[in-house]
Amino acid sequence: MAANGNDLELITSILSKNPLIHRPDIVFGKLSDGLDYCIFNTESQRNSFHLNLVLNTGSIHEEEFEKGFANFVQQLILTELNKELLRIRKEHLTNITSSTDFHCTIFNIYNEIENTKINDSEVRATFFDVLEIFLLTVYKFREKLSSSSDIFSDKIQELKNKTFDIIESSDKSVANYIEKQIFLQFHRNTLLPERWPIGEKSSIENITVTDLLKFINKWYLPNNMCLFIVGDIPASNELLANHLSTFVSEIKSSNLEKRTSGINLYETSSSHNIFSVKERIGQKTIQNALNITGKYTGSDFQREVVIQHPSIDQVSISIGVKLEICPLVDEGEIFMNAVDTIISNAIHTKLLNSLSQLACDEESTSISWDFYNSSRENCGWNTFSIVTDEKNWRAVFRLGIQQVVSICNTKMSMEEFEEIVLITISDYKKSAEEELEDDPKLVLDGLIDDWLCGSIPLSKKQEYQLFCKVVDRINPEIIQCRCKALFSYIIYYFDENYQHNKESSSTGCIFVSKPLHNSYQSSEFDQENSINTSNRICKAPETESEFIKPLLEEFKACIYKDLKSSVELTKSYSGDQAFFEENSCKIERMSESFEFGIWDALKASTYITIDKIFDSVRTSFNSLIGDLVNSDENVENLNGKYSIKELDSLAERIKFNSNNFQNDSYGQGSHSLPNDICDLGL
């Protein structure tokens, strides 16, 4: 039985029973005091490593009178780290940075050995010195601040003055102002717009040592932290984990027992899932403070906002909706992610091809759709955006909306679907092949993001493998069904019945930034980088309504116009086919044999023309995508345990099953195709 669009939720539900397995090249666990640790040892950049201590603590955890405390504490600790690490910087390039955001604080040490004459034992000793100083400085800072408050008084006043300068500069920044307006619109009824990480002058000028100690006492706890060690580590993972366990257990903090009263401490464990956020104290606060507002209400709420300034030289229009964060923890999310990736590739390819037909500057014009988790704001985002010059905004906006309408109301042809799948798997394979050369910093950023969001970290090879596992459940009907759900905030933007429907998705909003013309400029404008200091806004009301009205008219016309004409304008597969053939189908050969079917073409990426691929698959592809999921399938051998070469060998098995199927009449075939195309059965 072929899967249809209505099977989307069913397939997702069944696959969600299969949990993901973390990438096999990391070691992680929880130490006896509750500290999470994660180790990723790689030689892609020799003689360098990153130490990151991440706290699930930021501005969102502050009380009303504490605005700016999280950043202030972070800056004081950074000063101490710089002082403590000075003595080992002679032979090493050691960069120390730190930052505080809405719900996390990060301390980062990047160490690079410049002196190549240093032997391995000296390198190892220096590594452990840096690691111990790093942890000890953070662990003992509360104790040091408490016992040396007089010494810190000058540092605190100096930091206050520095922070006041940053706040003043931030208040005059156009970029910061625009970001704050976006937060006011999309994060309405949450604490985010009220807890800007830099803080407020009124709170910071009254900071005392006692206040700082209370904040540290509450949030700087080991079981609210994770230590990430990434790079060319001069020690084995086992040795490093054992050293961490021993060192942490020996740290004596005079008030540790009192501070951790009521907190569950854990035995050292390499099997504990540190990427689960459920028991993390910082995450519990976030869940209460960052609610997702589904329906925007109130007489003062503006669903459409226009920001203008003379330093802005292009029109940017974003239609977006805020969603619940959706961490990747099981194959149900992987399946949905695969569907969304195919949709993204399809719509961006159509948009790119269509933009080339418009008479506009392609370098300064873009249309994009973004659907992602934001660890910074602890939510998901679904946004559709255009950026172009004022002369062409109507045509570009119309083109983008028409493509959305088309992909929601017109089922993708099988030919187009097959090409998109081919391109998508080629992208996954290329990323998997190049993974060993990845910058460790990028891997580190991904691991931190997973820790904050609660996602299971996956390697690119796992992502490639998992996509291959679920892609045979996807077909054009499922793509169209998912498109209607993803773009409902656009399609039903003007539908009042939809907006009041309790079961509908969150309400979409429009945010516009555009140039402010000379005729509306105030003499108090700083043309380069400041906002309108006379009224604290960057918009002229009379021009805002003049822009919003034609924008909404254009938007509504694209949504409600005769769908047949809209589809005919945007569907044209012939133009897209030429684009595919020119840009995406000449991919490197990896398999030694190219006489397979569709899955060999997809995974082995044989250099073969589109026509040959289509000729070989039209008789069997429908059967491959039609099988629903076996709820009992085994996933123990998944997620990164096979090489790319082994994945390619699946083509032989696919070929065997496909040939047997073709030899049977439809409905009488006795050979069932594998439900799990990545289960090698070895």
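Reply: One term before we start. Contact means heavy atoms within 4.5 Å. Also, this is a predicted model.

Me: OK. Which strands does H11 lie across?
Reply: Helix H11, residues 331-355, lies across S9 and S10. It runs at about 160° to S9.

Me: What's the strand order in that open sheet?
Reply: The order is S7-S11-S8-S10-S9. That is five strands, with mixed pairing. Strand S7 (304-309) and strand S9 (366-374) are the edge strands, and each pairs on one side only. The twist averages 15° from one strand to the next.

Me: And how do strands in a sheet pair in general?
Reply: Through backbone hydrogen bonds, either parallel or antiparallel.

Me: Take S8. Which way does it run against S10, parallel or antiparallel?
Reply: Antiparallel, with nine bridges joining S8 to strand S10, residues 379-388. Ile319 stands opposite Phe384 in S10.

Me: How many bridges pair S8 with S11?
Reply: Five, and the pairing is again antiparallel. S11 covers residues 509-515. Ser318 has Phe511 of S11 as its bridge partner.

Me: What about S7 and S11, parallel or antiparallel?
Reply: Parallel, over six bridges. Val305 has Phe511 in S11 as its bridge partner. Phe511 is also the S11 partner of Ser318.

Me: Switching to helices. At what angle do H2 and H4 pack?
Reply: About 120°, with their axes 11 Å apart. That angle makes H2 oblique to H4. H2 is residues 69-85 and H4 is residues 149-171.

Me: Is the crossing left-handed or right-handed?
Reply: The crossing of H2 and H4 is right-handed.

Me: Which residues meet there?
Reply: H2 brings Phe72, Gln75, Leu76, Glu80 and Lys83. H4 brings Phe152, Lys155, Ile156, Leu159, Lys160, Lys162 and Thr163.

Me: How do the residues of that contact divide, nonpolar, polar and charged?
Reply: The contact of H2 with H4 has five nonpolar, two polar and five charged residues.

Me: New topic. Where is Ser48?
Reply: Ser48 is in strand S3, residues 48-55.

Me: Why does Ser48 count as buried?
Reply: Because its relative accessibility is 5%, and the cut-off for buried is under 20%.

Me: What is Ser48 in contact with, leaving aside neighbours within four places in sequence?
Reply: Tyr110, Asn111, Glu112, Gly231 and Asp232.

Me: And Cys468, buried or exposed?
Reply: Buried, since Cys468 has a relative accessible area of 0%. Cys468 sits in helix H15, residues 460-470.

Me: How far apart are Cys468 and Tyr428?
Reply: They are 40 residues apart in sequence. In space they are 9.4 Å apart, C-alpha to C-alpha.

Me: Zoom out. How many helices and strands does the protein chain have?
Reply: The chain has 26 helices and 11 strands.

Me: What share of the residues is buried?
Reply: Buried residues make up 56% of the 682 in the protein chain.

Me: Last one. What share of the contacts with a separation of 6 or more comes from residues 24 or more positions apart?
Reply: Such residues account for 84% of those contacts in the protein chain.

Conventions
Residues numbered from 1 in each chain as written. Predicted model: local features only at pLDDT ≥ 70, side-chain atom pairs only at ≥ 80, totals over all residues. Heavy atoms only, no water. Pairing = 2+ DSSP bridges. Helix = DSSP H or I, 4+ residues; strand = E, 2+ residues; numbered from the N terminus. Axes fitted to C-alpha atoms, helices over the stretch in contact; angles between N-to-C directions. Parallel < 35°, antiparallel > 145°, perpendicular 65-115°, else oblique. Left-handed = near helix turned anticlockwise from the far one by under 90°. Nonpolar A, V, L, I, M, F, W, Y, C, P; charged D, E, K, R; others polar. Buried < 20%, exposed > 50% of the residue type's maximum accessible area, 1.4 Å probe, protein only.
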